[in-house]
Amino acid sequence: MVDDVDRHHERARAAGAEIVRPPFDTDYGSRDYVARDLSGLVWSFGTYRP
C-alpha cells in the first residue's frame with residue numbers, strides 16, 4: 001500500500017522500472033499501478049486499505 005500512487009509510479013519509472021500498467025482507478029476505490037523491477041520481479045502498488 002502506498003499513499004500517493006502517481007508519485008510512487010514516477011519515482012519507480014525514473015529509477016528504471018518497467019511500467020507494466022500505468023496508474024489506473026479501480027471499481028473498488030483504489031488507485032493502482034504495476035511495475036517490473038530491474039531483477040524482473042513484477043510488483044503491484046495501490047492505495048486500497050481493506
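**Contacts, sheet and core of the predicted model**

Apart from residues up to four places away in sequence, Asp25 touches Ser30 and Arg31, a contact being defined by heavy atoms within 4.5 Å. The structure is a predicted model, in which local features need pLDDT of at least 70 and side-chain atom pairs count only at pLDDT 80 or more, whereas totals for chains, interfaces and linings use all residues. Residues are numbered from 1 along each chain as its sequence is written, and side-chain values use heavy atoms, with hydrogens and water left out.

Asp25 belongs to strand E1, where helices (H or I, at least four residues) and strands (E, at least two) are DSSP runs numbered from the N terminus. The side chains of Asp25 and Arg31 are joined by a polar contact of 3.0 Å; such a contact is a pair of N or O atoms within 3.5 Å, of which, within protein, one must be able to donate a hydrogen and the other to accept it, and residues adjacent in sequence count only if both atoms are side-chain atoms. With a relative accessible area of 56%, Asp25 is exposed, the classes being buried under 20%, exposed over 50% and partly exposed in between, for a 1.4 Å probe and protein chains only. Between the C-alpha atoms of Asp25 and Thr47 the distance is 9.8 Å, for a separation of 22 residues in sequence.

The sheet to which E1 belongs is open and consists of three strands in the order E1-E2-E3, with antiparallel pairing; two strands are taken to pair if DSSP finds at least two bridges between them. Strands E1 (18–25) and E3 (42–46) lie at the edges, each pairing on one side only. Neighbouring strands are turned against each other by 10 degrees on average, direction ignored, where axes are lines fitted to C-alpha atoms, for helices over the stretch in contact, and angles run from 0 to 180 degrees between N-to-C directions.

The antiparallel pairing of E1 with E2 extends over five bridges, and Glu18 has Arg36 in E2 as its bridge partner. These two strands form a hairpin with five residues between them, and in the turn Gly29 has a positive phi of about 95 degrees. Strand E2 (residues 31–36) also pairs with E3 in the antiparallel sense over five bridges; Asp32 has Gly46 of E3 as its bridge partner, while Ala35 stands opposite Trp43 in E3. A hairpin with five residues between its strands is likewise formed by E2 and E3, and Gly40 in its turn has a positive phi of about 95 degrees.

The helix is considered next. Helix H1 contains His9, which counts as buried at 9% relative accessibility and touches Ile19, Pro23 and Tyr33, residues up to four places away in sequence not being counted. Arg7 is also placed in H1, but this residue is exposed, with a relative accessible area of 59%.

The largest nonpolar core has six residues in all, namely Val2, Val5, Ala12, Ala17, Tyr33 and Ala35; such a core is a set of buried Ala, Val, Leu, Ile, Met, Phe, Trp, Tyr and Cys residues joined through side-chain atoms within 4.5 Å. H1 and E2 are the elements that give two or more residues to this core. With residues up to four places away in sequence again left out, Val5 touches Pro23, Arg31, Asp32, Tyr33, Gly46 and Thr47.
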